[in-house]
Amino acid sequence: MTLAATELAFRAASVALLLVLAASLVADFRNVLAARLGAAFALGSAAHAASYSIGVSSLVAGWHAPLIALSTGNIVVFWLFTRALFDDGFRLRWWHGLIWAAVTAFSFVGCLWIAPGGNARFSVTVVNLIVLGFIALAVAQTINSWSADLVERRRRVRVFIVCAAALYGGLNAVLQILVAGSAGEVANTVNSGVLACIVAAIACAMMRVDGADLFPAAAEPAPAMAPIQPAVEDAADQKLIDALMRLMADERIYRQENITIGVLAGRLKIPEYRLRRLINQRLGYRNFNVFLNNHRIEEAKAALADPAQAEVPVITIAMDAGFQSLGPFNRAFKAVTGVTPTEYRRLNTSAA
C-alpha cells in the first residue's frame, strides 16, 4: 500500500469514527449542552481529518477552504465543550458564537485572500497561535476545576480526553508555525495515523464510562440542606455523613477561606476519594463547590429574611457566609432560589 493510500485510509477511519461518535451523542443526549457541543466538536474534527496537512501553502482550492475554516473554528468548540463537560451549570452566551464566527471567518479569509496574496506564513502563524491560545484555556480550566469534580469516573476520563486532544492540537499548531513549505507524504501519513489512533482511543474511553457521568440529564439540582437520610448500608459511611453535616451545621466550615475537599477530608480523617464518593453518591452532588455554596446560600437566605439584619449590606452577608465577592454570590443565589438576593430580601420583608 502506498503512503497516499495509507494516509487516505487513516483519514477515512478518523472521519467515520467521528461521525459515529457525533451521531451517538446526539441520539442519546440531544438535550444536554455538553453532549451537543461534543457532537459539534466531533463534526469539526471530521472536517479537520479530511482537510488537514502539515506545511504552508499559498494555494487552497475553493472547496477546501470551508473545511479548513471549520477545522480552525473547531478549537473554539473544543474550548466550549470542555467548559460544558466540567461545569454542569455552564450556559452558552451569544458572544461565544461571535468568537467562533470570528475565528472561522479569519481562517476562511486567510485561505482565499491573505495566503494567495503572498502572506501565507503570516496567516498560518496567526491561526495557529489562536489555536494554541484556546488549547491553553481548555487545559487551564481542566486543571482548575479538576479537584472540585466529585464524579470519580468523569475525573479520570475527562483528563484523558482533554489532554489527548490538546496534545495533538498543540503539536500540530507548533508544527504548522515551524514548518516552511510542504512537509511531505511521510509526515502527513504519520499525522493522519496519530489522529486516527487518538480518535479511536477517545471513542473507546467514552464507551467505557456511563454516559450519565459525563452528560447529566440536567444541571445539578440543589439538594436539601437538612441532613439527608439515605438508605446507607455501611454504618461507617452514615457516621461520616453525620460528622460531615455537623461540620457544616455547627462549625460552619464552609465559611473558611479557600476551603478544599482535601482540608475537609483531613478534618474527617479519611482519604479524599472516599469523601468525594460520599458527597456524590450519598448526598447527590456532582461538584464540591456547589456543595459548599448551597450551605453558604442557606445561611445567606436566613440572614436576608431576618428583620434584625434588614440594614446589613448584601455584600456583608455574602462574605460572612463564605463568598469572596458579590458577583459569584449573586449568580449562585439566583441559580438556587430563582431571584437575586435583593429581591429575596424584599419578598421576605413584604411577607412579614
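Predicted model: local features only at pLDDT ≥ 70, side-chain atom pairs only at ≥ 80, totals over all residues.
Reader: How much space lies in the largest pocket?
Author: About 1700 Å³.

Reader: Which residues lie nearest its centre?
Author: Asp 87, Asn 287, Asn 289, Val 290 and Asn 293 do. They belong to a lining of 46 residues.

Reader: And which helix gives the largest share of that lining?
Author: H11, with 8 residues. Helix H11 covers 288–304. Other helices that supply at least two residues each include H3 (64–86) and H4 (94–146).

Reader: How does the lining of the largest pocket split by class?
Author: There are 18 nonpolar, 18 polar and 10 charged residues.

Reader: What about cavities, how many of 30 Å³ or more are there?
Author: The search of the whole structure gives 2.

Reader: What lines the second largest cavity?
Author: Arg 11, His 48, Ala 49, Tyr 52, Tyr 168, Asn 191, Ser 192 and Leu 195. H2 and H6 each give two or more residues to this lining, and H6 has the largest share, 3 residues. By class, the lining divides into 4 nonpolar, 3 polar and 1 charged.

Reader: Changing topic. Which residues touch the most other members of the largest nonpolar core?
Author: Ile 75, Val 76, Phe 78, Met 206, Leu 214 and Phe 215, out of 50 residues in that core. Helices H1 to H6 each give two or more residues to this core. The largest share, 10 residues, is from H3.

Reader: How many aromatic pairs are there?
Author: The whole structure has 9. One of the pairs is Phe 108 with Trp 113.

Reader: Why is the pair of Phe 108 and Trp 113 edge-to-face?
Author: The ring planes stand at 75 degrees, and over 60 counts as edge-to-face, so the pair gets that label. The ring centres are 6.4 Å apart.

Reader: Are those two buried or exposed?
Author: Phe 108 has 28% relative accessibility, so it counts as partly exposed. Trp 113, at 55%, counts as exposed.

Reader: Which residues form an aromatic cluster?
Author: Phe 323, Phe 329, Phe 333 and Tyr 344 form one. Over the face of Phe 323 lies Arg 296, at 5.8 Å from the ring centre.

Reader: And what sits over the ring of Trp 146?
Author: The charged end of Arg 155, 4.0 Å from the centre of that ring.

Technical notes. Residues numbered from 1 in each chain as written. Heavy atoms only, no water. 1 Å grid on protein atoms, 1.4 Å probe; cavity = no way out; pocket = protein on both sides within 12 Å on 5 of 7 lines; lining within 4 Å. Points joined across faces, edges and corners; volume = space filled by probe spheres on them. Helix = DSSP H or I, 4+ residues; strand = E, 2+ residues; numbered from the N terminus. Nonpolar A, V, L, I, M, F, W, Y, C, P; charged D, E, K, R; others polar. Phe/Tyr/Trp six-rings, centres within 6.5 Å; stacked < 30°, edge-to-face > 60°. Buried < 20%, exposed > 50% of the residue type's maximum accessible area, 1.4 Å probe, protein only. Lys NZ or Arg CZ within 6 Å of the ring centre and 35° of its normal. Core = buried A, V, L, I, M, F, W, Y, C linked by side-chain atoms within 4.5 Å.
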